[in-house]
Amino acid sequence: KSGLSSLNGYTWSHGEMIQIGEDTRLLQREKSLNSEDMRQRLFSTIVWELPFGGGKRWATTGPVSHVLGGWQVSTLLTAQTGMLFTPSMSVNAANSTGISRPNRIGSGVLSGSRGWQGWFDKSAFQIPALYTFGNAGAYILQGPGLVNLDGSISRTFRLNEKFRLDFRTEFFNALNHVNFSLPNASINTAPGGTISSLAEPARQIQFAMKLRF
């Protein structure tokens, strides 16, 4: 009746898995958090028919009614924690055919601020001795989270009894928030720890019109 509706959801999850990893003789070592484990995720949508024009609360008649009436605003907010990733090396110290991971000697979490120039502490890892497997587990580091707001403004114009004109403006990443992709996971190369791409593009605005008859 008010022209306002909302749908909201929150997910708090935890997933584990065992996969074939670097040492196939000891699968228990490969027990880890799930690669798709997204610990927290929130979404919220709002659809609002503006309270102007015929049958609404304000400006029900006259020129103002024709200008302001019939508009609808929609939003979609998404916020989630980062995905997990595994530290890697550019060499295969174990000389095996499978995955080779480094030794972990620290937490790997940077003590200062994280950013695209450095997301995790590479000094917390080292290359293991030749012909040995590293002790670092799989998916022990967390990548950047994501916050994104999309929105739209739309209206249908009645031209006459036969023709309708739909107008729509859409905003993607309306806040122009920077959402990073996962970093380079290498512990022994210069690009390691840095981020070179975005999970979501910068703000985009598009317009659309459709004639219905």
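**Figure 1. Salt bridges across the predicted model.** Searching the whole structure turns up four salt bridges, where a salt bridge is a side-chain nitrogen of Lys or Arg within 4 Å of a carboxyl oxygen of Asp or Glu. Keep in mind that this is a predicted model, where local features need pLDDT of at least 70, side-chain atom pairs count only at pLDDT 80 or more, and totals for chains, interfaces and linings use all residues. Residues are numbered from 1 along each chain as its sequence is written, and side-chain values use heavy atoms, with hydrogens and water left out.

**Figure 2. Close-up of the E16 and K31 salt bridge.** One of the bridges pairs E16 with K31, and their closest N and O atoms are 3.7 Å apart. E16 sits in strand 2 (residues 16-18) and K31 in strand 3 (residues 31-33), so this pair ties together parts that are 15 residues apart in sequence. Strands here are DSSP runs (E, at least two residues), numbered from the N terminus. E16 has a relative accessible area of 47%, which makes E16 partly exposed, and K31 is partly exposed as well, at 45%. For these labels, buried means under 20% relative accessible area, exposed means over 50%, and partly exposed is in between (1.4 Å probe, protein chains only).

Figure 3. The side chains of R39 and D37 meet at 2.9 Å, N to O. R39 is partly exposed at 28% relative accessible area, whereas D37 is buried at 6%. For R168 and E170, the closest N and O atoms are 2.9 Å apart. Here R168 is partly exposed, with 34% relative accessibility, while E170 counts as buried at 18%.

**Figure 4. A124 and its surroundings.** Look for A124 in the loop between strand 7 (103-104) and strand 8 (125-126). Leaving out residues up to four places away in sequence, A124 touches N103, R104, I105, G106, S107 and G108; contact means heavy atoms within 4.5 Å.

**Figure 5. Aromatic pairs, with F120 and F125 in view.** The structure holds five aromatic pairs. Rings of Phe, Tyr and Trp (its six-membered ring) pair if their centres lie within 6.5 Å; planes under 30 degrees apart are stacked, over 60 are edge-to-face, and the rest are tilted. F120 and F125 make an edge-to-face pair, 6.3 Å centre to centre with 80° between the planes. Both of these phenylalanines are buried.

**Figure 6. The F163 and F213 ring pair.** The ring centres of F163 and F213 are 5.7 Å apart and the planes meet at 45°, so this pair is tilted. The pair links distant parts of the chain, 50 residues apart: F163 is in the loop between strand 10 (146-158) and strand 11 (164-172), and F213 is in the segment after strand 12 (204-212). F163 is partly exposed at 27% relative accessible area, whereas F213 is exposed at 70%.

**Figure 7. A ring cluster, and a charge over a ring.** Ring pairs join W71, F157 and F167 into a cluster. In a separate view, the charged end of R114 sits over the ring of W119, 4.1 Å from its centre. A charge sits over a ring if NZ of Lys or CZ of Arg is within 6 Å of the ring centre and within 35 degrees of the ring normal.

Notes
Helix = DSSP H or I, 4+ residues; strand = E, 2+ residues; numbered from the N terminus.
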